[in-house]
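Thanks for coming, everyone. Please look at the sequence and the model on the screen before I start.

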Amino acid sequence: LYSHWEGFVKQALTFYLQHVSQQKLHNNVLKYNFYALEMRKDINEISNSKKASLHTNLIEKIFNDINIISNIPFENQINTKSNLNSDLFKELMNTVGLDSDQYKNFFHLIDERLLGVRNSIAHGEAMQKTQLTKDSYLDLHEKMIEIIDMLKDQIVIAAIQRSYMISDVENLE
């Protein structure tokens, strides 16, 4: 059940990023998170540098690239770290510009029941310690399918409504 959760989130968010990338929109009409993804490599390269020339070059690139067609990377951008808890899920949702608030009532379930049981099993703890019964599994299964369906619907709606674009993009066109 955990692997379905992790795999779906990773694939679905990657496909969404790919969809946005393939729109070939200008950076200035996309939400900032997409440009941040595009600039991630440059930001990481200078993050520990104290060289003013590198900082200046980055700022220059930001200003110069804002009006060009985006080149959003999508491969290997969604890293679940084999431990997809609610904090990482929120961060990944932020990476692709999707709101995670609708899932907050499920975060305890994800962290304690799904991930907690999975980690107990993976670390060789006795099944009695996991308190996993047929009924508790079926309940968890039902709720995880609900979360996955919510995410699927959210991604489809975001793609259809072009939610990856800044809200006043109509004024720019």
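Some ground rules. This is a predicted model, where local features need pLDDT of at least 70, side-chain atom pairs count only at pLDDT 80 or more, and totals for chains, interfaces and linings use all residues. Residues are numbered from 1 along each chain as its sequence is written, and side-chain values use heavy atoms, with hydrogens and water left out.

Start with helix H1, residues 2-22. Helices here are DSSP runs (H or I, at least four residues), and strands are E runs of at least two, numbered from the N terminus. H1 has 21 residues and reaches 30 Å from first C-alpha to last. That is close to the 30 Å expected at 1.5 Å a residue; the expected span is 1.5 Å times one less than the number of residues. After H1 comes Lys 24, with a positive phi near 55 degrees.

Which residues of H1 are buried? Among them are Tyr 2, Trp 5, Val 9, Leu 13, Tyr 16 and Leu 17. Buried means under 20% relative accessible area, exposed over 50%, and partly exposed in between, with a 1.4 Å probe and protein chains only. What covers them includes helix H2 (32-46), helix H4 (86-95), helix H5 (107-122) and helix H7 (134-160).

Now the core. In soluble globular proteins, nonpolar side chains tend to be buried together. A nonpolar core here is a set of buried Ala, Val, Leu, Ile, Met, Phe, Trp, Tyr and Cys residues joined through side-chain atoms within 4.5 Å. The largest one has 39 residues, and Trp 5, Leu 13, Tyr 16 and Phe 89 touch the most other members. H1, H2, H4, H5 and H7 each supply at least two residues of this core. H1 gives the most, with eight.

Take Phe 89. Leaving aside neighbours within four places in sequence, Phe 89 is in contact with Trp 5, Val 9, Leu 84, Ser 100, Tyr 103, Phe 107 and Leu 151. Contact means heavy atoms within 4.5 Å.

Next, H4 against H5. Their packing angle is about 135 degrees, and the axes are 9 Å apart. Axes are lines fitted to C-alpha atoms, for helices over the stretch in contact, and angles run from 0 to 180 degrees between N-to-C directions. H4 and H5 are therefore oblique to each other. Under 35 degrees counts as roughly parallel, over 145 as roughly antiparallel, 65 to 115 as roughly perpendicular, and the rest as oblique. H4 brings Ser 86, Phe 89 and Lys 90 to the contact, and H5 brings Phe 107, Ile 110 and Asp 111.

Back to H2 for Phe 34. Phe 34 is buried, at 0% relative accessible area. Its C-alpha is separated by 6.9 Å from that of Val 96, 62 residues apart along the chain. Beyond neighbours within four places in sequence, its contacts are Tyr 16, Leu 17, Val 20, Ile 72, Val 96 and Tyr 164.

Last, two loop residues. Most residues other than glycine have a negative phi. Asn 76 has a positive one, near 60 degrees. Asn 76 sits in the loop between helix H3 (52-65) and H4. Is it buried or exposed? At 79% relative accessibility, Asn 76 counts as exposed. Arg 162 also has a positive phi, near 55 degrees. Arg 162 is in the loop between H7 and helix H8 (169-172). With a relative accessible area of 37%, Arg 162 is partly exposed.
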